[in-house]
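Keep the viewer open as you read.

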Amino acid sequence: MKTLEFGIGTSLAKILSTLKGVEDNDITVIIPRESPLLENPLNIKILEKSASDLGKSLVFAEGVRSSPNVEEEPNLEPKTAIPSPSVPTNSLPTHSFEEPSSNVTNFNIAPSFVDRLLRFLAKKVRHSGIFLIGGVALLFLLGGYLFLENVPTAAINLYLDNQELIKEITVTGSPLVSEPDPLKKEIPLTPLTATKSSSDSAKTTGKKTVGTSATGTVTLRNYNTVTAKTFPKGTVIKATDALEGAKYILDQVVTVPQGSTSSHIDSSGKKINETDPGRKDATVTSVEVGTKYNASSGQTFVVGTEGFENVNAVASAGLSGGTSKEVTVVSETDVKNLTEKLTKQLVGNVNQEFGGKLSQGQKLVEGFSDTKVLQKDLTHQVGDEAELFGIDMELSVTGYAYNSSELETLLYIAVESSVPEGYEVAQGAAITSEVLKTENKSITLLAKLNGYAITKVDRENLMSSLKGKSLDQAENFLRSQSNIAGFEIILSPSLPGFLNKIPTNGSKIKIEAVKKSD
Amino acid sequence: MLLKLPSFFSSKKQPSQESKTSDDFLVAEINQEKISLGFFTDQDTKPALVASVTEDRKADLFVVFNSSLGALAEKNPNLPNRAIIGINDPKIETMTTIARLNREKMHEEMTSEDIERVLTQVGEDYNAHGKQLFFSSVTSAVLDGVRIGNPIGARGSVLELGCFNAYLEKEKLDLYEKVAQEAKLDLEKIVPLEYCIVRAFLDSGTKDGILLRILKDFTTLSFVEESNIVGVKTFSLGSSEPDFWGEGLKIALQDFSQHPRWPTLVSFYDTENQAVLEKVAKETLEKNFANLKEVRFENLNTRLGFAQFEASLYALSVEGETL
């Protein structure tokens, strides 16, 4: 068995690395009880599992020494006094809560090469005054040359004849287009897709009446003395008089026997015929719920399509049990409104996310996106009784972006036909664009250029002609150019006499063509 | 979405009355390797960061804290006294419990006292092995089966509250209080840092994820599902040894292996060298966890627009809104 003893500040990575390098399979690990590693049982678990993966068995023992002099490197030699292997791995010692403080190391930095070089030069200088003077002069000349070559700049503003230039074009953007087409005035739209989910809840606003139907027994009466009458289950019977219009249905098939006729002579000697209707009791239930369908005894009813005088019914004991109340339910409008709210919120979140994903020059088309509901779960369905309901929705949103430089290119191509011969579009034209309309899979953009056409100037020729010229020479040259209406030369810094000239370094000359002010 | 509730839901520590004179406050993040401080001013919409510093813990906690405070004062001398300390400590024990409240008076509005009672009950019921409850918060609320934003004022019969509680030994809590005391700060709250980060993560519209903050030699992992913190793990491996770090990640995640639903998003924050660690994480997850499919990676700092160490400070500053 190998025993490894580690210092208080040994990292978990270092212990793992050491375990990997040990050939023995049974290892006792000693870690000082003050080690911050022991504060966290997960660290011990990592050690155990990693060792197990390596086919090794670990036994932990508490470190008895906590001296800062404990070596960071583990002692790989077997120890004679091995702590008891019966110490369970999960019975970690209780530790005080002193904050772990890392050792602060002071570094002694050796003299650098630069230090040594400077000391050498200083020594040489002390021994040679001539070397010093010559060196200083050489440095001065070299510095002067470098200064003149790199510091002075010339800004030359050319005032040119100009014409105002305004151009508007409508451009179609579509994800189906792969590259800009100046003839069709089309630019590609790049789709950006993201998936978001969210949930929200809202109060319900729908109303519904719920309750119980009125029920009871009625007696059906058949006045036909020839035939019995049979009424199927579900036959509608309608109340008369005060409850007129209230509907009930028969709960079962009912056959009402035919009535019978009898006759007798009254006191005046007339023969009187009397019909005694056939009778049959049946239970009925009101079609709708509510107290208003409860009926008092004696209430009469029309049965099915029979005439009242042929067949009717009477509730001899009345009908009861009808109740009703209004409850709040989830309405279709509730679902629609909450869905719209969630969709708007999710699309807003996605657009914000798209904003961060756009590359330089890309512009997101506001209000133009495809949304697809991937999942929509309702806590309650339409019509369910509830005060609150919620929707959990996952949405896939595809937004579209166009490249503003492609739009500008199309605009510059379109504007070329409006530029007079010998003129060109001046830099700095204001370009604006707005989405006119969005259609299925395409948008229409209005792009507008507002600038000036100025007389053409060959800047490269101009620059090579001006390089290294004195201020007077440069001014005379520019005055001789017929296509330049005026100019301004700004030299910086302002140097005395012969030094005041156009730099020979082309990168230090900036020629700007600006329109002549009115 | 986690709820923004009054301060007494968010911490057992009551704010001092003297510190109510200004809306400005300090936020301190103390983790195993660094101390970061931020000076926030509470604007109408959300707290704004005025100045911040971060310093490695190369010396005693008190020394580094005071030195950081001095550096912050150099940037802005008008530092406020009120402070929130966010801690990342391997000994913090956290527990998310769903508490179900059957309300007899279902037609009466829910009050803050009802919620506080539930939080207290849940917090005290848990056996935290002698540790002291120092932070509790409602993380989700479901009323009669409907997830709601804020239960206060709602009516219903069955309320289910997701309660997040954090516990730590009293001695450690005393230590952080002493740090604030010696720096002459009015300590308003001690907050578990990962809770605040998770809240920022959820507020950004995501509700499931494995959040990772990887320092040089330490890693903190938060497992978040359905807007609830399922668990927080810390281990002593970090970006300095990416190969060993993968082993630590595997073992830390194994505790969640029985969990039926795994997030597919792995979100790094305040992490250096993410590209290398992302590769290690991808290999580790693909090799060891069959239930984690089509994993995606992101940098939370980038998504939320925060600089390297500022995600934690901003996340903590949200606690300042309830002071």
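Start in chain A with helix H5 (residues 332–357), which lies across strands S7, S20 and S21 of chain A. H5(A) runs at about 140 degrees to S7(A). Some terms first. Helices (H or I, at least four residues) and strands (E, at least two) are DSSP runs, numbered from the N terminus. Axes are lines fitted to C-alpha atoms, for helices over the stretch in contact, and angles run from 0 to 180 degrees between N-to-C directions. Two residues are in contact if their C-beta atoms, placed from the backbone, lie within 7 Å. The model is predicted: local features need pLDDT of at least 70, side-chain atom pairs count only at pLDDT 80 or more, and totals for chains, interfaces and linings use all residues. Residues are numbered from 1 along each chain as its sequence is written, while chains are lettered from A and ligands numbered from 1 in the order in which they are written.

Now the sheet under discussion. It is open, has three strands in the order S7-S21-S20 of chain A, and pairs antiparallel. Two strands pair if DSSP finds at least two bridges between them. The edges are S7 (190–203) and S20 (362–378) of chain A, each pairing on one side only. From one strand to the next, the twist averages 25 degrees. S7(A) and S21(A) (residues 388–403) run antiparallel and are joined by 14 bridges. To find this pairing, look for A:Thr190, whose bridge partner in S21(A) is A:Ala401.

Step back to the whole of chain A. It holds eight helices and 26 strands. Of its 518 residues, 24% count as buried. A residue is buried if 20 or more other C-beta atoms lie within 10 Å of its own, exposed if 12 or fewer, and partly exposed in between, with C-beta atoms placed from the backbone. Among chain A contacts between residues at least 6 apart in sequence, 77% join residues at least 24 apart.

Turn to chain B. It has nine helices and 14 strands. Of its 323 residues, 48% count as buried. Of the chain B contacts with a separation of 6 or more, 72% come from residues 24 or more positions apart.

Chain B has an open sheet of five strands, ordered S3-S2-S1-S4-S9, with mixed pairing. Its edge strands are S3 and S9 (186–192) of chain B, each of which pairs on one side only. Neighbouring strands are turned by 20 degrees against each other on average, direction ignored. S1 (residues 24–30) and S4 (residues 82–87) of chain B pair in the parallel sense over five bridges. Here B:Glu29 has B:Gly86 as its bridge partner in S4(B).

Two helices lie across strands of this sheet. H9 of chain B (residues 310–320) lies across S1, S2, S3, S4 and S9 of chain B, at about 135 degrees to S1(B). H2(B) lies across S2 and S3 of chain B, at about 135 degrees to S3(B).

Which residues of H2(B) are buried? They are B:Val64, B:Phe65, B:Ser68, B:Leu69 and B:Leu72. These residues cover an arc of only 135 degrees around the axis, so they sit on the same side of H2(B). The arc is that of the directions from the helix axis to the C-beta atoms. An α-helix has 3.6 residues a turn, so residues three or four places apart point the same way. On the other side of H2(B), B:Val63, B:Gly70 and B:Glu74 are exposed. Cover for the buried residues of H2(B) includes S2 (34–42), S3 (47–56) and H4 of chain B.

Finish where the chains meet. In all, 34 residues of chain B are in contact with 29 residues of chain A. On the chain B side, the elements giving two or more residues are S7 (146–147), H4 (170–182), S12 (228–235) and H6 (242–254) of chain B. H6(B) gives the most, with five residues. What covers the buried residues of H6(B) includes H1 (12–21) and H2 (41–53) of chain A, together with S11 (219–225), S12 and H7 (274–288) of chain B.
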